[in-house]
Amino acid sequence: MKIIHHKLTKKTKGSGDLIDITQEISHALHKSGLKNGMVTVFNIGSTAAITTFEFEPGLIHDIQELYEKLVPSKKHYAHDETWGDANGFSHLRAALQGPSLTIPFENGELLLGTWQQVVLAEFDNRPRQRQIVVQTIGE
Ligand code: ZN
């Protein structure tokens, strides 16, 4: 069994930016040369998340609307008092969504559905440069 680390860097535009990173994950897996195992995709930082959904304009809109409905950005949060960075909603959305995703792979290919993309969800209230760890474990 082998463990291979890879890191992706992604520039985001701030809250509501959803970025399809499926190809990069797949590329990292192919480069690892491993055939069977699992890939963990982990966002470093507490105001963005990793998720999966069908990456098409309608759903991109629906998902953005869902986050706004669940955790409104215009509301005041206790965290806003701590640093004055006004991104309480960003932390709450990221905590709700979670920072990582584990994807099994077989015969060197990710076991994702055709309409199941891996998505970096930016929630912070300003553009960020994200570091995403892609850890592949397998043989
Ligand atoms: Zn903060």
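**Note on the predicted model**

1. Start at S90. Neighbours within four places in sequence aside, S90 touches S46, T47, F123, D124 and N125 (contact means heavy atoms within 4.5 Å). S90 sits in helix α4, residues 88-97 (helices are DSSP runs of H or I, at least four residues, numbered from the N terminus). Its relative accessibility is 0%, so S90 counts as buried (buried is under 20% relative accessible area, exposed over 50%, partly exposed in between, with a 1.4 Å probe and protein chains only).

2. On the basis of these points: this is a predicted model, where local features need pLDDT of at least 70, side-chain atom pairs count only at pLDDT 80 or more, and totals for chains, interfaces and linings use all residues. Residues are numbered from 1 along each chain as its sequence is written, and side-chain values use heavy atoms, with hydrogens and water left out.

3. Which residues hold the zinc ion? The protein donors are H79 (NE2), D85 (OD), N87 (OD1) and H91 (NE2), at 2.0 to 2.4 Å. Donors are N, O and S atoms within 2.8 Å of the metal (3.2 Å for Na, K and Ca); water is not among the atoms, so sites may look incomplete. Along the sequence the spacing reads H-x5-D-x1-N-x3-H.

4. The zinc arrangement is irregular, because the four donor atoms subtend angles of 85 to 155°. Four donors are tetrahedral if all angles lie between 85 and 135 degrees; four are square planar and six octahedral if opposite donors are over 155 degrees apart and all others between 65 and 115; anything else is irregular.

5. The structure has four salt bridges (a side-chain nitrogen of Lys or Arg within 4 Å of a carboxyl oxygen of Asp or Glu). One of them joins E68 and R93 at 2.8 Å, N to O. This pair links distant parts of the chain: E68 is in helix α2, R93 in helix α4, 25 residues apart. E68 is partly exposed at 32%, whereas R93 is buried at 5%.

6. D124, listed above as a contact of S90, forms a salt bridge with R128 (2.6 Å, N to O). D124 is buried at 1% relative accessibility; R128 is partly exposed at 25%. R130 and E122 also pair, at 2.7 Å, N to O. Both R130 and E122 are buried.

Terms used: Helices (H or I, at least four residues) and strands (E, at least two) are DSSP runs, numbered from the N terminus.
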